[in-house]
Amino acid sequence: MKSQRINAGLCVGGADSSFGELPSQSTERREFLDGLGYREACCVHHCGGNMMRTPYSLAGLLGASFHDALHGLTQPVYEMPVQALAERIQIIFGALGEALARAEAGDLDWIGLDALLGGVRRFNDEQSGADRAVGVLLCLVEPAPSVIVEAPLRRSLERCGVGVAFEDLWFRFTRLHIAAMRRVVRRYCVGPGAVVAAIEIVSEPDCTWLPDENRIERALRPDCDPLNKYVTERHLAQIPDRTAVSRPFRKDDHGGYREQEIDWGRFKLSDAPEVALLDYPWGAKFDKYVACCADLLDHASFAARDEAERGRAAVRIVSGAVANNLDYLIRLHRQNENVFRSFDGIGLRPYHWPRHDMHDQQFVSSVTTSGWQGATPRRFASDYCNRFDFLAEIAALCKRKTPKDSFGLAGKTLWLTEFGVPTKGAGTHVGAGTRQLRNLFVYRRGEAPPSGVHAIVWEDKWDRFLEQVTPQFLADNCVETMLLHSMRPTCSGDTGDDGRSDFALFEADCETPRMERATFRRLLARLGELTGRMPDVDWFAQQTRVNGIAGQRTGAPLSDWTAVDPSWIPEAPGMTQIDELRYLYWACASTFEGRGRVVELGSFLGRTTAALAAGLAASAHPDVRVVSIDSHIWDPWTFEHYGEFAIACLSPDQRRRLPAEAISPSAGGSFRPLFDIYTEAVQRNVEGLSLNLDDCDWTGESIEILFVDAAKSWATLDNIVEQFFPCLVDGATVIHQDYKHFFTYWLHPVTERMIEDGLLTPTVDVRGTSTQGYLYRKPEKLDLGRYLRAAFETDEVDRLLERSRSRYALPEAITVAGAQVHHYLDTGRRADAARLFAATITAGGFRDDYGLTDLFSLMADRFEPLWDRVVAGRRSRVRRVGNSGVVLEVERVGKQGVVELTMESEPGASFVVHVGPHEDAAGSGACAAPISVRVAVAGGRAPSFERELAVAAGVLCPVAAPLHGGRATVRIEASAPILLRAPMILRPVG
């Protein structure tokens with residue numbers, strides 16, 4: 001089975017990282033970061049990657065004073081006198097208030113991030129298409145604010161003269177992150193040229209959101225409670241395996257602690273019992289840190305998701321990566337069952353050194369990963385947490401059906417946001433004590449380990465990783481992204497893990513590999529295999545760079561459907577949009593493996609058939625034919641709308657070759673000759689069958705790609721499920737062309753139930769169209785009865801339609817709402833249909849006519865169109881566009897244009913219009929010119945409704961004004977051309 005393409009690339013430094021060569025002057029700093037972003041994107045691209053991960057911090061956007069106030073501690077909170085702690089809390093409260101005001105106003109220090117991401121954008125602008133661009137995973141680094149989390153009780157602070165406490169601090173802290181996250185998404189994820197493709201929220205929470213007592217690394221007092229350290233602290237002897245909190249301890253020979261060995265003799269009474277990891281009581285303070293982290297993740301991820309949907313940004317939201325630490329993920333969910341609700345992916349850092357053995361090269365072991373639930377914390381840290389293939393246990397939860405039985409992970413993908421093979425080179429790491437630890441050291445090929453140190457070769461371990469961790473392994477375990485840590489050392493000298501421990505794969509120039517060439521070639525080949533892009537090893541071999549970047553090699557696999565050139569697809573008339581055709585071409589050209597047939601259900605004149613067949617001709621199996629099934633009979637609707645058009649699109653030569661009955665079609669006649677002639681350019685890859693799907697009996701042959709554009713009734717869908725779904729191979733692609741369409745609402749309950757049962761996983765959403773792709777997982781036994789119409793009660797259809805609508809952002813969510821309206825009408829619930837219709841119309845999100853016409857056709861009795869009543873004022877004129885639009889043309893940009901409408905209405909009705917800048921304003925710089933809407937009721941002295949708005953290009957903003965019955969006048973003013981979409985009276989539900 002062929003694996004799916006995934007994101008792959010490298011981790012890089014952030015705008016506020018301590019680069020060794022970073023200039024101190026602001027202008028030079030900006031130039032350096034811009035150049036660095038460009039070089040990093042260039043490096044990722046030539047590695048065959050498509051994504052880079054860069055960190056940022058709120059403290060970096062707010063300045064050093066904010067960081068010092070919140071995090072600049074020199075002693076743990078538990079050592080601070082209450083008066084000093086209270087004074088610090090007062091300072092933090094004020095700093096949070098100032099920071100919140102800045103964040104809400106957008107007054108943050110964007111200079112560094114703008115420069116770094118600007119360099120990436122500059123690189124992408126030089127590329128010839130989206131398949132060559134590099135996306136950014138922007139990672140929020142936010143350590144726990146210990147003073148806030150451990151704030152004393154309010155009464156204790158009041159005694160010190162401080163009138164705030166934890167809830168006040170935490171409220172400001174979360175509001176600050178919400179406001180800042182919205183600003184970040186709006187600035188870097190929305191609009192043309194946006195380079196941020198994903199956001200990771202709160203990196204490494206299982207290391208940074210812990211009480212100081214449970215930490216060793218970066219702890220202020222690592223000696224405190226030395227035998228009760230959390231599982232991510234790596235020091236196995238200091239991680240507990242029993243519940244005795246106070247155990248005798250001693251220092252070991254390497255600066256750590258272990259249990260003191262005492263000859264208890266006859267005086268030893270008992271030993272504390274071992275406790276399984278998930279039940280281990282770390283204490284109330286530990287639990288509060290986890291709860292606070294969960295609360296922050298919930299708020300920040302919702303803000304990111306909401307802002308992205310508002311801006312129609314296709315950005316992925318990822319939880320902060322944990323060290324394969326399922327325990328911390330489960331504890332987050334226990335504290336807040338909504339913690340993962342807004343995330344698309346779960347971040348992991350699956351570094352591999354089980355039992356502290358750096359020489360272990362069994363990345364994918366035959367030893368089972370099960371049994372971890374019964375392990376003690378120490379054994380979990382030893383045998384599971386630092387074991388690469390333990391991610392399979394997390395993936396198993398992601399494959400479960402519901403959030404309840406998966407700890408909120410159901411339906412998520414895994415993002416391996418950091419993975420690397422470190423070394424412990426000569427220098428500070430090698431001393432008299434550490435020489436005895438024979439399995440600690442790894443050296444690069446060509447280096448000589450110090451005398452007495454046993455080591456393996458870094459490149460050998462990388463080779464073992466590449467052999468074992470295949471693209472198929474990653475795909476089978478829900479991995480959507482894998483990023484290698486790291487591209488280059490960020491710090492000079494022996495001060496950072498990326499340089500000191502050889503995590504860095506390149507020198508600081510982002511061009512010179514640190515790895516032996518043969519292994520480097522294998523590594524880049526793997527990155528290209530994951531992304532479908534062609535790496536260029538030779539680019540890195542050049543010591544002198546030249547201006548410009550070499551073009552991509554021909555023959556490289558297409559990274560995704562957006563890389564398809566529409567000119568590769570033969571033209572034919574039909575209703576399918578060009579992006580849908582590109583996706584169909586790509587599915588056959590780049591994902592088809594020859595394990596089954598390609599079947600098309602519903603071809604009409606062959607527009608989609610040509611795309612599928614052309615893709616097959618360009619695939620690794622160019623002799624395979626698409627089986628295209630259609631009745632090829634003109635029904636009244638297709639004949640009325642496409643009969644004459646289908647003939648008009650023919651060339652004179654094609655007309656001459658058609659039989660007379662095809663030249664003069666009629667309803668009920670066959671258009672098979674037209675199908676044959678429109679697909680003749682790809683006829684060697686087409687097997688057309690003229691069959692009625694309601695009577696079709698499939699041969700039973702295996703199917704690898706199933707394209708469904710014929711489920712125009714629930715009865716036909718039942719037959720499709722019964723005939724074709726049992727023949728799908730595991731890993732097959734299922735494509736529903738009519739999925740995001742108001743008419744075929746039955747697709748939603750059937751598909752959603754398949755998703756809940758694990759049969760289908762949504763993959764490609766062709767935005768702005770009705771097409772949706774899925775990955776099919778073949779069950780051991782397929783219970784067909786669960787997916788037929790008879791198995792669905794009305795309430796269940798309601799639930800599944802609502803679930804389907806929640807999957808989509810605007811404008812796609814509008815069409816699914818239309819499907820719900822259609823379902824309500826079919827089941828006699830006109831009031832429910834009217835309410836949803838009114839809510840959808842007034843919520844906005846329309847792009848041109850997308851979804852509006854469909855909704856109008858369903859609920860024509862609920863609105864009165866008003867576009868014929870629009871009258872232009874001075875210095876302006878109006879003209880109709882499309883089915884429901886009016887353009888207000890302004891005589892000269894900067895002058896005020898006016899339109900007015902008059903209407904009679906009933907009590908409870910509303911005036912609704914969707915307002916946006918017209919494309920004529922695009923070059924004027926006036927796209928966000930103020931627009932005012934005023935409604936005046938006859939006899940009233942003041943407007944009954946008044947609103948000022950400024951909207952961005954491509955956005956239609958809904959305006960819904962209540963009417964009070966009788967005569968009303970609407971006046972709309974603007975200083976640039978604007979588009980009024982669907983002015984109407986919306987009648988009340990009754």
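Visitor: What should I know about the numbering and the thresholds before we start?

Guide: Residues are numbered from 1 along each chain as its sequence is written, and because this is a predicted model, local features need pLDDT of at least 70, side-chain atom pairs count only at pLDDT 80 or more, and totals for chains, interfaces and linings use all residues. Side-chain values use heavy atoms, with hydrogens and water left out.

Visitor: Let's begin with cysteines. How many disulfides does a search of the whole structure find?

Guide: A disulfide is a covalent bond between the sulfur atoms of two cysteines. The criterion is a pair of cysteine sulfur atoms within 2.5 Å, and the search of the whole structure finds 0.

Visitor: Is C588 buried or exposed?

Guide: Buried means under 20% relative accessible area, exposed means over 50%, and partly exposed lies in between, using a 1.4 Å probe and protein chains only. C588 has a relative accessible area of 0%, so C588 counts as buried. C649, at 34%, is partly exposed.

Visitor: Which residues touch the most other members of the largest nonpolar core?

Guide: In soluble globular proteins, nonpolar side chains tend to be buried together. A nonpolar core here is a set of buried Ala, Val, Leu, Ile, Met, Phe, Trp, Tyr and Cys residues joined through side-chain atoms within 4.5 Å. The largest one has 162 residues, and M181, I201, W209, F388, L414 and W462 touch the most other members. Helix α10 (residues 284-310) supplies the largest share of this core, 12 residues. Helices (H or I, at least four residues) and strands (E, at least two) are DSSP runs, numbered from the N terminus. There is also a second, separate core of 44 residues, which includes I720, V734, Y739 and A819.

Visitor: What does F388 touch?

Guide: Contact means heavy atoms within 4.5 Å. Leaving out residues up to four places away in sequence, the partners of F388 include N324, P350, H352, L416, V469 and M482. F388 belongs to one aromatic cluster together with Y351, W353, F363, F419, W462, F465, F473 and F503.

Visitor: How many aromatic pairs does the whole structure hold?

Guide: Rings of Phe, Tyr and Trp (its six-membered ring) pair if their centres lie within 6.5 Å; planes under 30 degrees apart count as stacked, over 60 as edge-to-face, and the rest as tilted. The search finds 51 aromatic pairs. In one of them, F380 and Y384 are stacked, at 6.2 Å centre to centre with 25° between the planes. Both residues lie in helix α12 (residues 377-385), 4 residues apart, about one turn of the helix. An α-helix has 3.6 residues a turn, so residues three or four places apart point the same way. F380 and Y384 are both buried. An edge-to-face pair is formed by W634 and F639, at 6.1 Å centre to centre and 75° between the planes. W634 is buried, with a relative accessible area of 2%, whereas F639 is partly exposed at 27%.

Visitor: Which residue lies over the face of F93?

Guide: A charge sits over a ring if NZ of Lys or CZ of Arg is within 6 Å of the ring centre and within 35 degrees of the ring normal. R172 lies over the face of F93, 3.6 Å from the ring centre. R753 lies over the face of F792, at 4.1 Å.

Visitor: R753 is in helix α26. How many residues of that helix are buried?

Guide: In α26 (residues 747-756), 10 of the 10 residues are buried, so the helix is largely enclosed by the rest of the structure. The cover over its buried residues includes α25 (714-724), β17 (728-736), β18 (760-765), β19 (772-776), α27 (794-806) and α28 (812-826). G758 follows α26 and has a positive phi, near 85°.

Visitor: Which residues other than glycine have a positive phi?

Guide: One of them is D225, with a phi of about 45°, in the loop between α9 (205-208) and β5 (249-251). Phi of R312 is also positive, near 55°, and R312 sits in the loop between α10 and β7 (316-322). D225 is partly exposed, with a relative accessible area of 25%, and R312 is partly exposed with a value of 25%.

Visitor: Where is the peptide bond from H485 to S486, and what is its omega?

Guide: That bond is cis, with omega near 0°. S486 lies in the loop between β12 (479-484) and α16 (497-500).
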